[in-house]
Amino acid sequence: MTNFKELQQTDREIYDIIKNETRRQQEELELIPSENHTSQAVLEALGSILTDKYSEGYPKKRYYAGLRFYDEIETLAQKRAKELFKVPFVNVQPYSGSPANQAVYFATCKPKDVTMGLSLPHGGHLSHGWKVNFSARFYNPIQYGVNKKTNLIDYDKMEELAQKVKPKLICVGATAYPRFLDWERFYKIAKSVNAYLCADIAHIAGLIAADVHPSPVPFVHIVTTTTHKTLRGPRGAMIMVTKKGIEKDSDLPEKINRAVFPGLQGGPHQHQIAAIAVCLKEASTNEFKEYGKQVVKNCKVLASEFIKLGYDLITNGTDNHLILIDLTNKNISGKEAQDLLEKVGINVNKNAIPFDQNPPSNPSGIRLGTPAITTQGMREKEIKQIVKFIDNVLKNRNNNAIIESTKQEVKKMCLNFPLPGIK
Ligand SMILES: *Cc1c(COP(=O)(O)O)cnc(C)c1O
């Protein structure tokens, strides 16, 4: 934090809080799989004067004057996204992942149309039709899930369901699913009922960019993604339309654009869009490919170390950046584990497991991932150490001496791996 001099003068309270949070991030382990540490370059773009202007509309079709450089920025962000994900169309304006999904619903469905999405307790996202979300209030969502034995998506059952309910839109995307998704199979199902198929790759976008996770682009019509998870950019989102999407509906790009603006949003956040452009440039490098590979490698070590210690992993392992642990056999709930680990500076999150007997406020599982610690430079050796820390704390949950000493060890380890955004 060297460049916050003005802030320190103007608002000491916020300055101090940011400083405390910076120290916390540096001294604690971030294992929440939807999080990451972004680069200094991304932070600089995000903190720029680009926050000043309104730029409603799209490049060369704006409602305000003085936007020639904003046009250059948005066009560059679009170009980089199209090249990285190999798509013919992208909208980079959605404020975040949920508004991006909202725009897809708005563009493809009318109120009360039937849609399908992966159920939240089975690893899906709120915005794919969960009952409290807009996607359930304004549309008619049917939820599919995983198989009770394998915890893998039950494609056969989903196909039957799709044949029965004939959805207008099928969303595929997950927040707590540790395995690859079979895009081709989803496409066959969507095609058989003539539905739009949208892949929400929020969690795995960085892995797809790094070629360590199969890309949905050849098989779906629409792709939404956040930019702040494995992609390691600023908070934000994008909506892409694929070649298949344009073949199905040549108006789809225009429908998406109109849904974002003027349908749902006003002025785009161009400082965010500039930071997305920077993150896309970073994500197209060989270093980023190495990063993606290491995220998965680290996660496989995380999984096998927990399995060795008798932990029960949903699907017995992982193909991606996260694992989901069922803590039932360890006699501790997800919430208790989360709170206990937070005390020692290890941040994980409580998470429902499929067919959970406990309520979402106190579910049976925890979800852990490797994107943030891999960015910091941690490798197999540290992962093994982290698993030991976690196991030791969970086993000795009432031993304050162990809790205190583990906290110190975690801090010591973290300080050896400086965060990229703290210069
Ligand atoms: C994180 C996530 C979102 C939502 O993103 P926000 O930026 O939090 O609104 C949507 N879908 C999936 C699959 C996600 O993982």
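Q: Which residue stands opposite I323 in β15?
A: I323 faces L368 of β15 in this predicted model.

Q: In what sense do β12 and β15 pair, and over how many bridges?
A: As a general idea, the strands of a sheet are joined by backbone hydrogen bonds, in either a parallel or an antiparallel arrangement. Here, β12 (residues 322-326) and β15 (residues 365-369) are paired in the antiparallel sense, with five bridges.

Q: What is the order of the strands in the open sheet?
A: The four strands follow the order β11-β12-β15-β14, and their pairing is antiparallel. Strands β11 (312-313) and β14 (349-351) are at the edges; each has a single partner strand, so one side of each has no neighbour in the sheet.

Q: Which helix lies across β11, β12 and β15?
A: That is helix α13 (residues 286-308), which runs at about 20 degrees to β12.

Q: Turning to the ligand, how many residues surround it, and which are the closest?
A: The ligand is surrounded by 13 residues, with S96, S98, D200, H203 and K229 the closest. By class, the shell comprises nine polar, two charged and two nonpolar residues. Helix α5 (residues 97-108) contributes the most to this shell, with three residues.

Conventions:
Residues numbered from 1 in each chain as written. Predicted model: local features only at pLDDT ≥ 70, side-chain atom pairs only at ≥ 80, totals over all residues. Heavy atoms only, no water. Near = heavy atom within 4 Å. Helix = DSSP H or I, 4+ residues; strand = E, 2+ residues; numbered from the N terminus. Nonpolar A, V, L, I, M, F, W, Y, C, P; charged D, E, K, R; others polar. Pairing = 2+ DSSP bridges. Contact = heavy atoms within 4.5 Å. Axes fitted to C-alpha atoms, helices over the stretch in contact; angles between N-to-C directions.
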